[in-house]
Amino acid sequence: MKKLLSVMLASAVLLTACGGGGGESDSGQSAETNEITVWAWDPAFNIAAMNKAKEAYAEVNPDLTVNIVENAQNDIVQKLNTGLNSGSTKGLPNIVLIEDYRAQSFLQSYPDAFYELTDVINAEDFADYKIGPTSVDGKQYGVPFDSGVTGMYVRTDYLEQAGYTLEDLQDIDWKQYIEIGKDVKEKTGKAMLTQDPNDLGIIRMMIQSAGSWYTAEDGSTPAIADNAAMKTAFETYKELMDSGIVKVISDWSQFVGGMNSGEVASVPTGNWITPSIKAEASQSGQWAVAPLPTLPGVEGSVHASNLGGSSWYVMNVDGKEAAAEFLKQTFGSDVDLYQTLNTDVGVIGTLKAAAEGEAYKAEDEFFKNQKVVSDFAAWTEQIPNVNYGLNTYAIEDILVVAMQSYLGGQDLDAVLADAQTQAETQIR
């Protein structure tokens, strides 16, 4: 019955998306439309980037009107699910931004709702790790956008007080990081990092650096109990939390406050934090960026991982060809646009050729004249490609509880086995 309903739903979506043979579709736009609508969140980043793309495309095709509509990310998820579950595309946009962790849940649940872009962009032009979330069965559906490439932002002045230089952090694992953190705490009184126990972003970074995820390669089978990288990540996280080098926080404002107030010596996270760090101008020249530590004892773990990131998708509604052409000429290929996006918005894109542009090679005075964008671009190409699957957040909810049990003294193998059982029960 479940399979039958899925087939019926897919058929309904397909019939609706086709627009009944060339008249007006549920989107209210004609097939010959010169107007498209884009949904995205975050006016300072994603929407700002789309506005730059709109300006660039106007020089190529001034006749296309691009309407950009701001929605909260959760609202986009809800609106897409509500519309597609009903079998109607009425009111849905031509282009929508979807976080990489969520993309497969849409692409696989609504296979006919998105316009295939295999012949529109060249997937090989983008960082390898972005192709997994944006494609299904070898068919490309998304135009990869920003990189969530991670790094370790560090206060070089605190490091120097503890007897270390940036060079000492170039090739370390998380155990070595903890030991350095202990020295920093002892000699400067500063915590090494902040952590919200209900946010497992650092676990994501750790396991992806080893080419692992919450699910197996198929993206659907939970991979928790017998996942060596996961077990090591849990052990490392507990060692971090027990080491005395962590300032415990509970929300975003405390996270940013910890770095801007000078309370922490390092911030291991995605490159999107750069504007928040640079917001405290008085700290210019005191920060630098080192590669992410590797997962100790796990073969294949590299100094590169990902946290966040999103991509652009074309809905299978009237106007899809115009929308696809817009993306092709902008985010899909325009190297100069990516230089503008980096300089004006802070975007580090995943189009490989963009890394050769001047903006990516520029020194940054705030980071002691380090070419941080160039470093991030190089690390982007090293990020292991994993299948985020359909259930990243559902499984993470289970793992948050599991982590609290482990930190509270329960046996790790038992905790992971229980999480495995819960995940299998809830999502299969």
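Trainee: Quick one to start: is Glu396 buried or exposed, and what is the relative accessible area?

Mentor: Glu396 is buried, with a relative accessible area of 7%, where buried means under 20% relative accessible area, exposed over 50% and partly exposed in between, with a 1.4 Å probe and protein chains only. Please keep in mind that this is a predicted model, in which local features need pLDDT of at least 70 and side-chain atom pairs count only at pLDDT 80 or more, while totals for chains, interfaces and linings use all residues. Residues are numbered from 1 along each chain as its sequence is written, and side-chain values use heavy atoms, with hydrogens and water left out.

Trainee: OK, so which residue forms a salt bridge with Glu396?

Mentor: That partner is Arg204, with the closest N and O atoms 2.8 Å apart; a salt bridge here is a side-chain nitrogen of Lys or Arg within 4 Å of a carboxyl oxygen of Asp or Glu. The pair links distant parts of the chain, since Glu396 sits in helix α17 (residues 392–407) and Arg204 in helix α9, 192 residues apart. Helices (H or I, at least four residues) and strands (E, at least two) are DSSP runs numbered from the N terminus. Arg204 also counts as buried, at 8% relative accessibility.

Trainee: How many salt bridges does the structure hold?

Mentor: There are 12 salt bridges in the structure. One of them joins Asp364 and Lys278, whose closest N and O atoms are 2.9 Å apart. This pair, too, links distant parts of the chain, with Asp364 in the loop between α15 and α16 and Lys278 in helix α12 (residues 274–278), 86 residues apart. Asp364 is buried at 15% relative accessible area, whereas Lys278 is partly exposed at 33%.

Trainee: And what about Glu263 and Lys247, how do their side chains meet?

Mentor: They meet in a salt bridge, at 3.3 Å from N to O. Glu263 lies in the loop between α11 and β10 and Lys247 in strand β9 (residues 246–248), so the pair ties together parts that are 16 residues apart in sequence. Glu263 is partly exposed, with a relative accessible area of 34%, and Lys247 is partly exposed as well, at 29%.

Trainee: Switching topic: what volume does the largest pocket have, and which residues lie nearest its centre?

Mentor: Its volume is about 890 Å³, and among its 32 lining residues Asp199, Trp252, Thr269, Trp272 and Leu307 lie nearest the centre. The elements giving two or more residues to that lining are β8 (193–195), α9 (201–209), α11 (252–260) and β10 (266–270). On a 1 Å grid over the protein atoms alone, a pocket is an open set of points with protein on both sides within 12 Å along at least five of seven lines, a cavity is a set where a 1.4 Å probe fits but cannot get out, and lining residues have an atom within 4 Å of a point. Grid points are joined across faces, edges and corners, and a volume is the space filled by probe spheres set on the points.

Trainee: How does the lining of the largest pocket divide by class?

Mentor: It has 15 nonpolar, 10 polar and seven charged residues, counting Ala, Val, Leu, Ile, Met, Phe, Trp, Tyr, Cys and Pro as nonpolar, Asp, Glu, Lys and Arg as charged, and the others, Gly among them, as polar.

Trainee: How many cavities of 30 Å³ or more are there?

Mentor: The structure holds two. The largest has about 70 Å³ of space, and its lining includes Ala127, Ile348, Lys352, Tyr360 and Glu381.

Trainee: Last one, which phi value does Lys368 have?

Mentor: Phi of Lys368 is near 55°, a positive value in a residue other than glycine, and Asn369 likewise has a positive phi, of about 65°, without being a glycine. Lys368 is in the loop between α15 (358–361) and α16 (372–380), and is partly exposed at 45% relative accessible area.
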